[in-house]
Every structure is written in structure tokens, then in C-alpha cells.
Amino acid sequence: MAGSTPVKSNERRQKKDWVTRAVPFCSVIGWACALTVLAFLERAKPEDPDFFSRIRNTVLRTTWNESLVRISFFILLAIFLFCALGFIFNMLRNRRKTDKINHSLLVLGILSVGGLGLFLWQFHSFL
């Protein structure tokens, strides 16, 4: 139909509301917590002997640090909750064709569920 005027959409969103801004916030918080878990697990694992520890004959810890493992588990649980909350917020605002799913939250949520399962399998006696 040549010469017809385009139909205007009734855009009611003037600016981003708190729900729309919460999605990337949940993603950033989740990834920061994931880095924290990696740092805690690096500190919790048994110590490896190095050159200086062999020279000094220092006694190294040969077991996992249970308190850091436990804290890491609860941080992983918090990551999953942040991802679930962010994904719910994302679905609340995913009604238009231009709205997109935050893939970062989806990937982080899957990784946190896998990490929780691995923790329950590997460190069930610590929890």
C-alpha cells in the first residue's frame, strides 16, 4: 500500500524503571560473587610444596579448609538466587520484540547449579 502512513506504536516506557535496571545489576553482582568463590577455593585447597617450603622444611596443610569451602557453597547459593531473581525480572520486561534475555544470567545460573551439584558431590561432609 503505497502512500499509507506508518502506524505509530504506543510507547509507554519513557525511561528504564527499577526492574529493567535490576537485571544487569544482578548479573554484575553474580559474576563478582563467582570470582569471590574462585578466590576462596584457591585459598581453601591443600597447599602445594614449593622451593622455599622445601628448604625451610615448613609443614604444609594437606587438607581442604572446611570453613572456606562452606562459605564458598553459600556464596554459590547466593549466586543462584541472584540469577533466579534477575531472570524473573528479565521475564517481567520481555514482552516486546526488542526486549532480550540476559544470556549472562542464564550462563551464570547454569554454572552455579553445576557448582552446587559438584559441591554436594565432592564436599558433602563439609556441609
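A salt bridge is a side-chain nitrogen of Lys or Arg within 4 Å of a carboxyl oxygen of Asp or Glu. The legends below describe a predicted model, in which local features need pLDDT of at least 70, side-chain atom pairs count only at pLDDT 80 or more, and totals for chains, interfaces and linings use all residues. Residues are numbered from 1 along each chain as its sequence is written, and side-chain values use heavy atoms, with hydrogens and water left out.

**View 1. The salt bridge between Glu66 and Arg70.** The closest N and O atoms of this pair are 3.8 Å apart. Glu66 and Arg70 are 4 residues apart in helix 3, and are therefore separated by about one helical turn. Helices are DSSP runs (H or I, at least four residues), numbered from the N terminus. Glu66 is partly exposed, with a relative accessible area of 39%; partly exposed lies between buried (under 20%) and exposed (over 50%), using a 1.4 Å probe and protein chains only. Arg70 is also partly exposed, at 31%.

**View 2. The salt bridge between Glu42 and Lys45.** The N to O distance between these side chains is 3.4 Å. Lys45 is partly exposed, at 29% relative accessible area. The structure holds 2 salt bridges.

**View 3. The lining of the second largest pocket.** A pocket is an open set of points on a 1 Å grid over the protein atoms alone, where a 1.4 Å probe fits, with protein on both sides within 12 Å along at least five of seven lines; lining residues have an atom within 4 Å of a point. Of the 15 lining residues, Val37, Leu38, Leu41, Leu76 and Gly115 lie nearest the centre. Helix 4 gives the most to this lining, with 7 residues.

Key: Helix = DSSP H or I, 4+ residues; strand = E, 2+ residues; numbered from the N terminus.
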